[in-house]
Amino acid sequence: MSARLGDLLVKEGIINGEQLNRALEDQKKTGGRLGSCLVRLGFVSDEEVTTFLSRQYGVPSINLSFFEVDPAVIKLIPEDTARRYEVLPLSRVGSSLTIAMVDPTNVFAMDDIKFMTGFNIEPVVASEAAIQEALKKFYGTAEDKIKQITKEFESEDTALELEAEQEQIAMDELEKAADEAPVVKLCNVILTEAVKRGASDIHMEPYEKEYRVRFRIDGMLQTIMTPPLKLRDAIISRIKIMSKLDISEKRLPQDGRIMLRMIFDGKKKQLDYRVSVLPTMFGEKIVMRLLDKENLRLDMTKLGFEQESLDRFEKAILKPYGMVLVTGPTGSGKTNTLYSSIARLNQPDTNIVTAEDPVEFQLPGINQVQMKEQIGLNFAAALRSFLRQDPNIILVGEIRDFETAEIAIKAALTGHLVLSTLHTNDAPSTISRLMNMGIEPFLVATSVLLICAQRLIRRLCNSCKQPEDLPAQALIDAGFTAEEAKTVKVFTKGPGCEKCGGRGFKGRCGLYEVLEMNDELRELVLVGASSLEIRRKAIDHGMITLRRSGLRKVMEGMTSIEEVARETVV
């Protein structure tokens, strides 16, 4: 409909060709419907678009702000269906149901709703903005649900019954749990809202006088709600039951998983929450890591590597033996990079084995082993066993100690490709870290093929980012050359909009520092050179530093100087 709408509006003289092209460019960047892009850019009004569509398709238009909707009719269409198809039930007369639609040509939506309700569907046209506003008004937001649940809990003084769940819980049933105890509904809202907001972690934290729930969105923690303190123990017990943990054990840390299935944006999703429970001064703190397979990017070209860095990385992982290390702090995307690497190498004639703690995603064709420290199955023990399993490629989740490092390096020197991670600040300091663990310099020099250090920074929202006018000296201080400082155009965080949820940022991108070992660098390692000397030599050989990788993203308009400065040093 988008392209046809644009052509028709041009043909009618409502907009011109240049305005259409600008709107199409905006649509590519921000998504959404062409009509909404035209309205946002100020080329047409909501009323003009709806009136035009009404005339074009022979369907009446309606201004929802002047229409009284019967609340009983709203209940005929479930919230997820209404949001998925962008429709709003308006009135029912006999066997006919009138619904407001953004796209009156969407026969799939009408057939679905007809089958669901049993009524004949009569469509009318309304603007996208008006329908979105009406959906918020009649179906409510997450905050409204939370307030209602809290109110119910405070009005009910009955005992809460917590029942064990099956291994997989249907999310649509969780959301509709209107007749269940308020604490159950509250936990369900927290879990579903985390998915809708694109959170990577959920933090549920007890303090002396409050109970706080925070989401980590785009790498930053945000307070979402503060449920009543008396809900604390009930919420903890509920999450423990869902993740199959011992609700009577409150003195020791515990780890578990929750598996959920849900329909989101019209698609079935299977979600995996990794649950960690930690005893604190005022109760047990729960952190849930949301593992969504759809967020796992296995295409290496889409991770954010600069082309020359990607070429070096791919060249290293395609070698028959040696060690490739990915480094960075927790939450910097190391797992995603490693999974992308083994997905790239996964062939029917290749035997790939991994030792992980925990196994975050199951990948077909790859033998993944979960570590279990309590029975002695650690990385070192798994690695010894792997060497008797005729592997081509070995992935070790993390090198934590001398024993693991020694076996991994010996495997790399005996015809295996070894991929692993370390916690270091940058690529050159990884070599010093290995030697500090007790590995001999000649073993490091001969086994390591490449080291990739990485960070994740927030992307600016394309819809509301704003240009920033900085003096040339400030740009030079940030790391730009004098020539670049004269021409570079930088952007900063905007005021926030619907697309980014008012945050000014939407999504994240990676910064990569790829150090490829060569003969000169190996000589420096053998003579015990410092990280600083190795760094200088690597830059001479074309290594792009983390800061430089970030500045390239700034020049492309993807992020701001503040974001790059927060995660990197000059």
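**Group meeting: a walk through the model**

Start at Pro358. Pro358 sits in the loop between strand E12 (352-356) and strand E13 (367-370). Helices (H or I, at least four residues) and strands (E, at least two) are DSSP runs, numbered from the N terminus. The bond between Asp357 and Pro358 is a cis peptide, with omega at about 0°.

This is a predicted model, so local features need pLDDT of at least 70 and side-chain atom pairs pLDDT 80 or more, while totals for chains, interfaces and linings use all residues. Numbering runs from 1 along each chain as its sequence is written, and side-chain values use heavy atoms, without hydrogens or water.

Now the overall picture. The protein chain has 24 helices and 19 strands. Its C-alpha atoms fill a box of roughly 85 × 65 × 50 Å along the principal axes. How much of the chain is buried? Of its 570 residues, 49% count as buried. The classes are buried (under 20% relative accessible area), exposed (over 50%) and partly exposed (in between), with a 1.4 Å probe and protein chains only.

Next, backbone angles. Asp218 is not a glycine, yet its phi is positive, near 55°. Find Asp218 in the loop between strand E6 (211-217) and strand E7 (220-225). Asp218 counts as buried because its relative accessibility is 12%. Lys244 is another non-glycine with a positive phi, about 60°. Its loop runs between helix H12 (232-242) and strand E8 (254-264). Is Lys244 buried or exposed? Lys244 counts as exposed, because its relative accessibility is 53%.

H4 spans residues 46-57, 12 residues in total. From first C-alpha to last, H4 reaches 17 Å, close to the expected 16 Å at 1.5 Å a residue. That expected span is 1.5 Å times one less than the number of residues. Which residues of H4 are buried? They are Val49, Thr50, Phe52, Leu53 and Ser54. Just after H4, Gly58 adopts a positive phi of about 65°.

On to charges. The structure holds 30 salt bridges (a side-chain nitrogen of Lys or Arg within 4 Å of a carboxyl oxygen of Asp or Glu). I'll show a few.

One pairs Asp112 with Arg84, at 3.7 Å, N to O. This pair links distant parts of the chain: Asp112 is in helix H7 (residues 107-117), Arg84 in helix H6 (residues 79-85), and they are 28 residues apart. Asp112 is partly exposed, at 23% relative accessible area. Arg84 is partly exposed too, at 28%.

Another joins the side chains of Glu563 and Arg566, at 2.7 Å, N to O. Both residues belong to helix H24 (residues 561-567), and three residues, about one turn of the helix, separate them. Glu563 counts as buried, because its relative accessibility is 3%. Arg566 is partly exposed, with 38% relative accessible area.

Then there is Asp233 with Arg232, a salt bridge of 3.2 Å, N to O. Asp233 counts as partly exposed, at 41%. Salt bridges also form a network here: Glu205, Arg212, Arg214 and Lys285 are linked in it.

Strand E5 (residues 199-206) holds His203. At 9% relative accessibility, His203 counts as buried. His203 and Lys506 are 303 residues apart in sequence, but 21 Å apart in space, C-alpha to C-alpha.

A cavity is a set of points, on a 1 Å grid over the protein atoms alone, where a 1.4 Å probe fits but cannot get out; lining residues have an atom within 4 Å of a point. Points join across faces, edges and corners, and volume is the space filled by probe spheres set on them. How many cavities of 30 Å³ or more are there? The count is one. The largest cavity holds about 90 Å³ of space. Its lining is Met259, Gln270, Leu271, Asp272, Leu291, Lys293, Glu360, Phe361 and Gln362. Strand E9 (residues 267-280) gives the most to that lining, with three residues.

That's the tour.

Terms used. On a 1 Å grid over the protein atoms alone, a cavity is a set of points where a 1.4 Å probe fits but cannot get out, and a pocket is an open set with protein on both sides within 12 Å along at least five of seven lines; lining residues have an atom within 4 Å of a point.
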